[in-house]
Every structure is written in C-alpha cells, then in structure tokens.
Amino acid sequence: MPESSVQPGQLCCVAISKWWYRVIIHRVINDKDVEVFYPDYGNLEIVRKSWLRFLKWCYLKLPAQAIPCSLAWVKPVEGMWSSAATLLFKNLCSSKILVGIVDEYVNGILHLFLCDTSTKEDVYFHCVLKDKGYADICGNNIPSEGFKELNPLALYVQPSEKWENAELVEPDLCLQQESLDADSATATSKLVGDEL
C-alpha cells in the first residue's frame with residue numbers, strides 16, 4: 001500500500017501465517033509499524049506496514065463479524081473494573097470453548113451470560129466475579145462506562161437505523177479525521193488500561 005493510504009480508518013488486509021485477514025488501520029505507530037483492528041475478531045494488534053494490502057471491493061462490503069458484547073447482569077463493585085477483575089475474566093476465558101447464553105441485544109450490544117462447561121459443574125462468569133467480590137449482580141444490563149471508547153469496532157462501524165444491520169465504514173467515505181484521531185487516542189489510552 002502506498003504511504004498516503006496508510007491512515008487510521010483505512011480498511012485493508014494483512015497476511016499473517018499465510019492467512020489473509022481484514023483489518024482497519026487503528027493507529028500509525030512509526031514509519032514501519034501500525035496498530036490494526038480486526039473487525040471480524042474484535043482484537044487489536046501491531047503489524048508491519050509492509051504486510052498491508054488493499055482489499056478487493058467484494059470483501060469491503062461484508063459486514064463486520066465481531067459483535068460488541070457485554071457480560072449480562074453484572075456491574076463492577078468499584079464503578080470501574082479493577083485490574084484483578086480483568087485478570088480473572090481473562091483467565092476464565094483463556095483457551096477454552098465457552099457457552100454463551102444470550103440475554104438480550106440492545107443498541108448494538110449483545111448482553112450474554114458466559115459459562116465454562118468443561119468441568120464437572122458449570123462455571124458461570126457473572127457468579128465467579130460476584131463470589132470473588134469484583135461484581136454486583138444487578139438483574140439488568142448496564143454496559144460499562146466508556147464501553148464504546150473501549151470497543152474499537154464502535155469507531156469504524158456505522159449503525160443502521162435499528163442498530164441491527166451494522167456495516168463497515170467504506171474507505172471512500174469522508175471520515176472526520178480530527179474526530180477519528182481524538183477517538184482513537186481515547187480508545188487506545190483506555191484499551192491499555194485494566195478495563196473489562
């Protein structure tokens with residue numbers, strides 16, 4: 001890709017271990033590296049600029065496959081998730097196949113219960129967080145404060161009128177660069193924090 005196209009918000013693709021992935025340039029790190037967001041997986045990663053390629057038009061039109069999710073019925077005890085709660089959540093999720101039970105889908109956020117069924121007794125994440133003293137069970141769904149800033153997908157997905165048919169922002173759309181830079185800086189600073 002030419003240097004002029006390597007800008008935040010640019011949808012392209014990257015080859016990692018002989019597989020091609022759709023990515024959105026989230027932040028230019030330096031003259032060799034960029035931070036990219038994987039709209040089909042929901043994660044951020046730093047890659048080499050030289051690995052980036054333009055994406056065929058037919059792949060630009062596919063909607064993002066990552067879905068913004070929030071753990072149902074919990075809120076942090078301290079107002080924000082502690083680093084200990086975040087670490088516990090990551091450990092509960094790591095390298096396991098989990099069962100997700102959908103509670104509701106509201107304003108583009110899927111609220112679900114997560115359960116590890118690989119042990120003798122099912123382990124529900126909201127119960128573990130409550131039992132360890134990190135969460136309160138609230139009986140309704142309250143997304144964490146700053147949820148959209150912590151979720152890079154919100155920077156690049158345009159909601160439809162009903163939020164049910166989100167599509168990727170197409171690269172030829174005029175992005176508000178100042179706004180995007182400010183949002184990216186906010187999201188990046190919060191993503192490196194210890195939030196759930």
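Q: How many of the 196 residues of the protein, as a percentage, count as buried?

A: The model is predicted: local features need pLDDT of at least 70 and side-chain atom pairs count only at pLDDT 80 or more, while totals for chains, interfaces and linings use all residues. Residues are numbered from 1 along each chain as its sequence is written, and side-chain values use heavy atoms, with hydrogens and water left out. Buried means under 20% relative accessible area, exposed over 50%, and partly exposed in between, with a 1.4 Å probe and protein chains only. By this criterion, 37% of the 196 residues are buried.

Q: Which helices and strands does the protein hold, in number?

A: Helices (H or I, at least four residues) and strands (E, at least two) are DSSP runs, numbered from the N terminus. The protein has 6 helices and 13 strands.

Q: What is the order of the strands in the open sheet?

A: Two strands pair if DSSP finds at least two bridges between them. Here an open sheet of 5 strands runs β4-β3-β2-β1-β5, with antiparallel pairing. β4 (44–48) and β5 (52–53) are its edge strands, each pairing on one side only. Between the antiparallel strands β3 (residues 33–37) and β4 there are 5 bridges; in one of them, valine 36 has glutamate 45 of β4 as its partner.

Q: Which residues of the largest nonpolar core touch the most other members?

A: A nonpolar core is a set of buried Ala, Val, Leu, Ile, Met, Phe, Trp, Tyr and Cys residues joined through side-chain atoms within 4.5 Å. The largest one has 14 residues, of which Leu71, Trp81, Leu114, Phe125 and Leu129 touch the most other members. At least two residues each come from α2 (83–93), β9 (109–116) and α3 (125–131), and α2 gives the largest share, 4 residues. Apart from this core lies another, of 10 residues, including Val23, Ile25, Val36 and Leu52.

Q: Which residues of α2 are buried, and what do they pack against?

A: The buried residues of α2 are Ala85, Thr86, Leu88, Phe89 and Leu92. The arc, that of the directions from the helix axis to the C-beta atoms, is only 160° for these residues, so they lie on the same side of α2. Contact means heavy atoms within 4.5 Å, and the buried residues of α2 pack against β6, β9 and α3. The face turned away from the buried side carries the exposed residues Leu87 and Lys90. After α2 comes serine 95, with a positive phi near 50°.

Q: How many aromatic pairs does the structure hold?

A: Rings of Phe, Tyr and Trp (its six-membered ring) pair if their centres lie within 6.5 Å; planes under 30 degrees apart count as stacked, over 60 as edge-to-face and the rest as tilted. The structure holds 4 such pairs. Tryptophan 73 and phenylalanine 113 have ring centres 5.3 Å apart and planes at 75°, so this pair is edge-to-face. Tryptophan 73 lies in the loop between β6 (69–71) and β7 (74–76) and phenylalanine 113 in strand β9, so the pair ties together parts 40 residues apart in sequence. Tryptophan 73 is partly exposed, at 33% relative accessibility, whereas phenylalanine 113 is buried, at 11%. Phenylalanine 89 and phenylalanine 125 also form an edge-to-face pair, 6.0 Å centre to centre with 90° between the planes. This pair links helix α2 to helix α3 across 36 residues, and both of its members, phenylalanine 89 and phenylalanine 125, are buried.
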